[in-house]
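Welcome, and thanks for taking a look at this one with me. Have the sequence and the model open side by side, and we will walk through the fold piece by piece.

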Amino acid sequence: MRKKVDVSLPIGPVHPIFKEPARIRCETAGEKVISAEIDLGYVKKGIENIMKGRPWQEVMFLAERICGICSVIHNMVFIETVEKISEIDVPQRALYLRVIVNELDRIQSHMLANYSYCYTIEHETLAMYLLNLRETAMDLIELITGARITCAYMIPGGVRYDLDDEKMAVLRAGLDKLEKDLTRFDGMFEGGSLIGLRSRQIGLMSEEEGRISHAVGPTARASGIVLDERMNHPTYQKLGFEPVIRYECDNYARIKVRFQEIFQSIGLVRKCLDDMPEGKIRGGGIVKAGKGSWAGEAPRGELTYNIETDEYGRIVDIGIRTPSIMNIEACIHYMLKGVNSAADVTSTYISSDPCIACNER
C-alpha cells in the first residue's frame with residue numbers, strides 16, 4: 001500500500017506567531033497539507049458559570065472581560081439583550097454613540113488582525129505601521145469612554161458619557177488621520193509583490209465550504225457570503241449599512257475585507273456625528289425577569305447572547321456563542337487543506353483572525 005502521509009507536523013500550542021495558545025496538527029505529503037486538526041483548551045476560563053447567580057451590574061463587567069480585543073461588542077450585545085428582556089427604551093443620541101464606539105473598536109481590532117497577518121508573512125514594516133496607527137483608534141476610544149480596553153460604556157437605557165463639540169472635533173481629526181494613513185498602507189498591501197506571493201490563491205475556502213462550516217464575519221464575507229448582523233440592527237439600518245463582500249476566497253481577500261471595513265467604519269462614525277440628534281443619553285430602566293436572545297456583529301462575526309434573568313436582575317442562565325468557534329472550524333477543515341507549504345499554515349490560520357480568549361471563555 002502506498003504511503004500518503006509523510007509527516008505529522010505539530011504547530012503550537014506556543015508559537016512566536018500565535019497571540020494565544022492553540023495546537024494545530026497537520027498531516028502532510030511533502031509540504032502539502034492533506035488534513036489538519038486543532039487542540040484547544042489551554043486557557044479555559046469558565047466565565048459563563050462565574051456569571052450565573054450574579055446581578056447584571058457585575059455580569060456587565062465580566063462580559064467585556066471575555067475578550068481584550070473586542071470587549072466593546074460583548075458589552076453592547078449583553079446590554080442590548082438585557083434591554084430586550086426588560087423592554088427598556090434607549091434615547092436616539094445614545095444609540096448613535098453606541099455605534100461610534102463599536103465601530104472604533106472594530107477599527108482597532110481589524111488593524112491588530114492585519115498587523116498579525118503582515119507580521120506572520122514577515123512584512124514587518126507594514127505590520128509595525130498598522131500597529132502604530134492602531135494607537136490612534138485606541139486614543140479615540142479613550143477620548144469618549146475614558147478607557148482603552150474595558151470601557152463598560154454601555155448601560156441599560158443608554159451610555160455613560162456624552163460627546164461635546166470639542167471632543168467631536170478631536171474625533172473628526174483622528175478619523176482624517178486614520179483614513180489618510182490607512183489609504184497608504186492599504187496600497188502597500190495591494191501592490192506588494194511579497195504580499196501577493198504569500199497571500200493570493202492561498203488558504204482557499206469556497207462559498208459552499210464557508211456555508212457548510214457556518215463561517216461568519218470577514219472570513220465568510222471574503223468567500224462571497226452575504227452575512228453581517230449589522231444588517232439586522234435598527235441603528236445600522238438607519239445609517240444605510242451595506243456589508244463588504246469579496247469573492248477571491250483566499251488569504252488576500254480576508255485581509256482586504258478588513259481594510260475595506262475599516263474605511264467603512266470611518267464613514268459610519270462620520271455619518272453618526274453628522275446625523276446624531278441632540279438630547280439625553282440615558283433613559284433609565286429596571287432589569288426584569290425574563291428570557292431573551294440577541295446577536296451583534298463583532299469584528300470577527302456574529303456574537304450571540306442567550307440570557308435568563310430573575311425579578312431581582314440576577315443572571316439565572318447565560319449562553320454565549322462567539323464567532324471564532326465557526327471560523328476556526330472553517331480554517332482547519334477547509335482553508336488549511338491543500339496548502340502547498342508548511343510556511344503558509346500559520347499565515348492561513350492567522351488570516352481567519354482566531355480569538356482563543358473568546359473561544360475558551
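What follows is a tour of the sheets, a helix pair, the nonpolar core and several individual residues.

Please keep in mind throughout that this is a predicted model.

An open sheet of 3 strands runs in the order 1-2-3 with antiparallel pairing. Strand 1 (7–11) and strand 3 (32–39) are its edge strands, each pairing on one side only. From one strand to the next, the twist averages 20°. Strand 2 (residues 23–29) is joined to strand 3 by 7 bridges in the antiparallel sense, and T28 has V33 in strand 3 as its bridge partner. Helix 12 (residues 324–335) packs on this sheet, where it touches strand 2 and strand 3. The direction of helix 12 makes about 150° with that of strand 3.

Another open sheet of 3 strands has the order 6-7-8, again with antiparallel pairing. Strand 6 (290–298) and strand 8 (315–321) each have a single partner strand, so one side of each is left without a neighbour in the sheet. Here the twist averages 15° from one strand to the next. Strand 7 (residues 301–309) pairs with strand 8 over 6 bridges in the antiparallel sense, and T304 stands opposite R321 in strand 8.

**A helix pair**

Which residues of helix 2 meet helix 3? On the helix 2 side they are W56, V59, M60, A63 and E64, and their counterparts in helix 3 are S71, H74, N75, F78 and I79. Helix 2 (residues 56–64) and helix 3 (residues 71–86) pack at an angle of about 145°, and their axes are 7 Å apart. The crossing of helix 2 past helix 3 is right-handed.

As background, nonpolar side chains tend to be buried together in soluble globular proteins. In this model the largest nonpolar core has 107 residues, and F78, I100, L171 and Y305 touch the most other members. Helix 4 (residues 92–120) provides the largest share of this core, 14 residues.

What does Y305 touch, leaving out residues up to four places away in sequence? Its contacts are A63, I66, H74, V77, F78, T81, G292, S293, W294, I318, G319 and I320.

**Cysteines from the UniProt record**

An unreviewed UniProt entry carries the annotation "binding site" for C67, C70 and C355. These positions are spread over 289 residues of sequence, yet they cluster in space, with a largest C-alpha distance of 9.5 Å. C70 sits in the loop between helix 2 and helix 3, and C355 is found in the loop between helix 13 (343–351) and helix 14 (356–359). Apart from residues up to four places away in sequence, C70 touches D105, P299, R300 and C358.

Are C70, C355, S116 and Y161 buried or partly exposed? The table gives the relative accessible area of each.

| Residue | Relative accessible area | Class |
|---|---|---|
| C70 | 2% | buried |
| C355 | 0% | buried |
| S116 | 6% | buried |
| Y161 | 41% | partly exposed |

S116 lies in helix 4. Leaving out residues up to four places away in sequence, S116 touches K19 and I350.

Y161 is placed in the loop between strand 5 (158–159) and helix 6 (165–191). Neighbours within four places in sequence aside, Y161 is in contact with L97, I144, T145, Y153 and I281. Y161 and R134 are 27 residues apart along the chain, and their C-alpha atoms are separated by 23 Å.

**The annotated domain**

To finish, here is one more item from the record. UniProt, in an unreviewed entry, places the feature "domain: NADH-quinone oxidoreductase subunit D" at residues 124–282. In the model this span is 61% helix and 3% strand, and its end C-alpha atoms lie 44 Å apart.

Notes:
Residues numbered from 1 in each chain as written. Predicted model: local features only at pLDDT ≥ 70, side-chain atom pairs only at ≥ 80, totals over all residues. Heavy atoms only, no water. Core = buried A, V, L, I, M, F, W, Y, C linked by side-chain atoms within 4.5 Å. Buried < 20%, exposed > 50% of the residue type's maximum accessible area, 1.4 Å probe, protein only. Helix = DSSP H or I, 4+ residues; strand = E, 2+ residues; numbered from the N terminus. Contact = heavy atoms within 4.5 Å. Pairing = 2+ DSSP bridges. Axes fitted to C-alpha atoms, helices over the stretch in contact; angles between N-to-C directions. UniProt positions renumbered as here; feature names shortened; annotations may be inferred. Left-handed = near helix turned anticlockwise from the far one by under 90°.
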